[in-house]
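Please look over the sequence and the coordinates together before reading on. The paragraphs below begin with a single residue and then widen to the sheets and the chain as a whole.

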Amino acid sequence: MGTWDLNSSVELHKSFARDFTSESSGGTITANPDLGHSWTVGGGWNKGDFRVGTSFTGMYEDAVAISGAQTSSGAVQKNVTWSAMVNYMMGLENAWTFSYADQTLFGTPENSSLSKTVTLSFQTRWQR
């Protein structure tokens, strides 16, 4: 595709039940999580040592039911995060990345932090 790139991924998971004991909960409780999944689709444009890209990542977690000393049916968690990034490669060993990610722009988030994140990172590699 030359100067353009695309990426995508999908995952599905099932968490297992777990018991907890604490004085504050009044004894033993069992957390029963269910299914969850996430997906990502994105792409970018490359010109020499520069890359500009964007992606969407969706996340869904079924409610975690609590039983035992305390009970709760829990609540679903879901959100869609939009990200934009700019990368600059300084040779094969070093790279700068500036990115912005926002959970408030797309979809109908539930039980989410509604985060907005700005990141500046530097990566270096040492050959062995």
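Is Gln103 buried or exposed? Gln103 is buried, with a relative accessible area of 11%, where buried means under 20% relative accessible area, exposed means over 50%, and partly exposed lies in between, with a 1.4 Å probe and protein chains only. The model is a predicted one, in which local features need pLDDT of at least 70 and side-chain atom pairs count only at pLDDT 80 or more, whereas totals for chains, interfaces and linings use all residues. Residues are numbered from 1 along each chain as its sequence is written, and side-chain values use heavy atoms, with hydrogens and water left out.

Gln103 lies in the loop between strand E8 (94-102) and E9; helices (H or I, at least four residues) and strands (E, at least two) are DSSP runs, numbered from the N terminus. The residues that Gln103 touches, leaving aside those up to four places away in sequence, are Asn79, Val80, Thr81, Pro109, Ser112, Ser113, Leu114 and Ser115, a contact being heavy atoms within 4.5 Å. With Ser112 there is also a side-chain to side-chain polar contact at 3.0 Å; the term stands for a pair of N or O atoms within 3.5 Å, of which, within protein, one must be able to donate a hydrogen and the other to accept it, while residues adjacent in sequence count only if both atoms are side-chain atoms.

Ser83, a residue of strand E7, likewise counts as buried, at 14% relative accessibility. Once residues up to four places away in sequence are set aside, Ser83 touches Gly53, Thr54, Ser55, Tyr100 and Ala101.

Six strands make up an open sheet in the order E1-E4-E5-E7-E8-E9, with antiparallel pairing, where two strands pair if DSSP finds at least two bridges between them. Strand E1 (4-14) and strand E9 (116-124) are the edge strands, each of them pairing on one side only. From one strand to the next the twist averages 15°, with axes taken as lines fitted to C-alpha atoms, for helices over the stretch in contact, and angles running from 0 to 180 degrees between N-to-C directions. Within this order, strand E5 (residues 50-61) and strand E7 (residues 77-90) are joined in the antiparallel sense over 12 bridges, and Tyr60 stands opposite Lys78 in E7.

Another open sheet has three strands, in the order E2-E3-E6, and its pairing is antiparallel. E2 and E6 are at its edges with a single partner strand each, so one side of each is left without a neighbour in the sheet. Here the twist averages 30° from one strand to the next. Strand E2 (residues 18-22) is hardly covered, since the count of buried residues among its five residues is zero. E2 pairs with strand E3 (residues 27-32) in the antiparallel sense over five bridges, and Phe20 has Ile29 in E3 as its bridge partner. The two strands E2 and E3 form a hairpin with four residues between them, and in the turn Gly26 has a positive phi of about 85°.

Ala75 belongs to the loop between strand E6 (65-68) and E7. Ala75 is partly exposed, with a relative accessible area of 47%, and it touches Ala63 and Asn111, not counting residues up to four places away in sequence. Between Ala75 and Leu120 there are 34 Å in space, C-alpha to C-alpha, and the two are 45 residues apart in sequence.

Taken as a whole, the protein chain has zero helices and nine strands. Its radius of gyration is 20 Å, well over the 14 Å that the globule rule gives for 128 residues, so the chain is more spread out than a compact globule; the radius is taken over C-alpha atoms, and the rule is 2.2 Å times the number of residues to the power 0.38. The C-alpha trace spans about 60 × 40 × 25 Å along its principal axes. Buried residues make up 20% of the 128 residues, and of the contacts with a separation of 6 or more, 50% come from residues 24 or more positions apart.
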